[in-house]
Amino acid sequence: MNIKQQLHSQCQDFLNNRLEVIQNTISDIQVSLTSETKSSAGDKHETGRAMLQLEREKAGHQLAEIEKQKQILQKINVEAKHQKVALGSVIKTTQANYFIAVSAGKLVVDNTRFFAISAATPIAQLLLSKGDDDTIIFRGNEFKIVEVF
């Protein structure tokens, strides 16, 4: 497996783990909603149900976001070689290494640290369409692109 394939695989694992956590949360909320019994303190019961409904809605939004991120990840061709930074590019710079895919944080391949970032992040916006030996300035730091692939 090449570096891009390994990074892609780690991003998939990251999203699958998040998906599992959110599905468990939704399941727990559903159990809580169905087991919530009417008590003599009716207002307390209704408040509890309303809070659970809000939590379920929040988890639903998180679930939808993960599905969007999984679709973005599916669009990436790990075999493609890039001359310019685009979705699916691996970028080595003088400051850090990046994988333009989904925001999955720090990933390590062959003892080299990469940051999996979304194309919508500010640093990715600066990197997009740049190539080898191009320079960007981000938060006062100068980055030189060493390699794009």
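1. Helices, of at least four residues in state H or I, and strands, of at least two in state E, are DSSP runs numbered from the N terminus. In those terms, Leu-63 is found in helix α2, which covers residues 42-74. The model is a predicted one.

2. Glu-20 and Leu-63 are 43 residues apart in sequence, and their C-alpha atoms are 9.7 Å apart in space. With neighbours within four places in sequence left aside, the contacts of Leu-63 are Leu-19, Ile-22, Gln-23 and Ile-26. Leu-63 counts as partly exposed because its relative accessibility is 24%.

3. The side chains of Glu-65 and Lys-68 meet with an N to O distance of 3.7 Å. These two residues are 3 apart in helix α2, so about one helical turn separates them. Glu-65 is partly exposed, with a relative accessible area of 34%, and Lys-68 is also partly exposed, at 49% relative accessibility.

4. How many salt bridges does a search of the whole structure find? The search finds 2. Asp-133 is exposed, with a relative accessible area of 53%, whereas Lys-144 is partly exposed, at 38%.

5. Lys-4 deserves a separate look. Lys-4 is found in helix α1, residues 3-35. Lys-4 is buried yet has no salt bridge. Which side chain of opposite charge is nearest to Lys-4, and how far away is it? That side chain is Glu-79, 8.7 Å away. A salt bridge requires a side-chain nitrogen of Lys or Arg within 4 Å of a carboxyl oxygen of Asp or Glu.

6. The side chain of Lys-4 does have a polar atom 3.3 Å from the backbone oxygen of Gly-88. Gly-88 is also one of the residues in contact with Lys-4 when neighbours within four places in sequence are left aside.

7. Strands β3 (residues 105-109) and β4 (residues 112-118) pair in the antiparallel sense over 5 bridges. Leu-107 stands opposite Phe-114 in β4. The two strands form a hairpin with 2 residues between them, and Asp-110 is in the turn.

8. Backbone angles call for a check at two places. Most residues other than glycine have a negative phi. Asp-110 is not a glycine, yet it has a positive phi of about 50°. Asp-110 lies in the loop between β3 and β4 and is exposed, with a relative accessible area of 58%. Arg-139 likewise has a positive phi, near 50°. Its place is in the loop between β5 (135-138) and β6 (141-148). At 71% relative accessibility, Arg-139 counts as exposed.

9. The aromatic rings come next. A search of the whole structure finds 2 aromatic pairs. Tyr-98 and Phe-115 form a tilted pair, with 6.2 Å from centre to centre and 40° between the planes. The pair links distant parts of the chain, with Tyr-98 in strand β2 (residues 97-101) and Phe-115 in strand β4, 17 residues apart. Is each of these residues buried or partly exposed? Tyr-98 counts as buried because its relative accessibility is 8%, while Phe-115, at 28%, counts as partly exposed.

10. Phe-138 and Phe-143 form an edge-to-face aromatic pair, 6.5 Å centre to centre and with 70° between the planes. Phe-138 is buried, as is Phe-143.

Definitions and conventions. Residues are numbered from 1 along each chain as its sequence is written. This is a predicted model: local features need pLDDT of at least 70, side-chain atom pairs count only at pLDDT 80 or more; totals for chains, interfaces and linings use all residues. Side-chain values use heavy atoms; hydrogens and water are left out. Two strands pair if DSSP finds at least two bridges between them. Buried means under 20% relative accessible area, exposed over 50%, partly exposed in between (1.4 Å probe, protein chains only). Lys and Arg count as positive and Asp and Glu as negative; His and the chain ends are not counted. A polar contact is a pair of N or O atoms within 3.5 Å; within protein, one must be able to donate a hydrogen and the other to accept it, and residues adjacent in sequence count only if both atoms are side-chain atoms. Contact means heavy atoms within 4.5 Å. Rings of Phe, Tyr and Trp (its six-membered ring) pair if their centres lie within 6.5 Å; planes under 30 degrees apart count as stacked, over 60 as edge-to-face and the rest as tilted.
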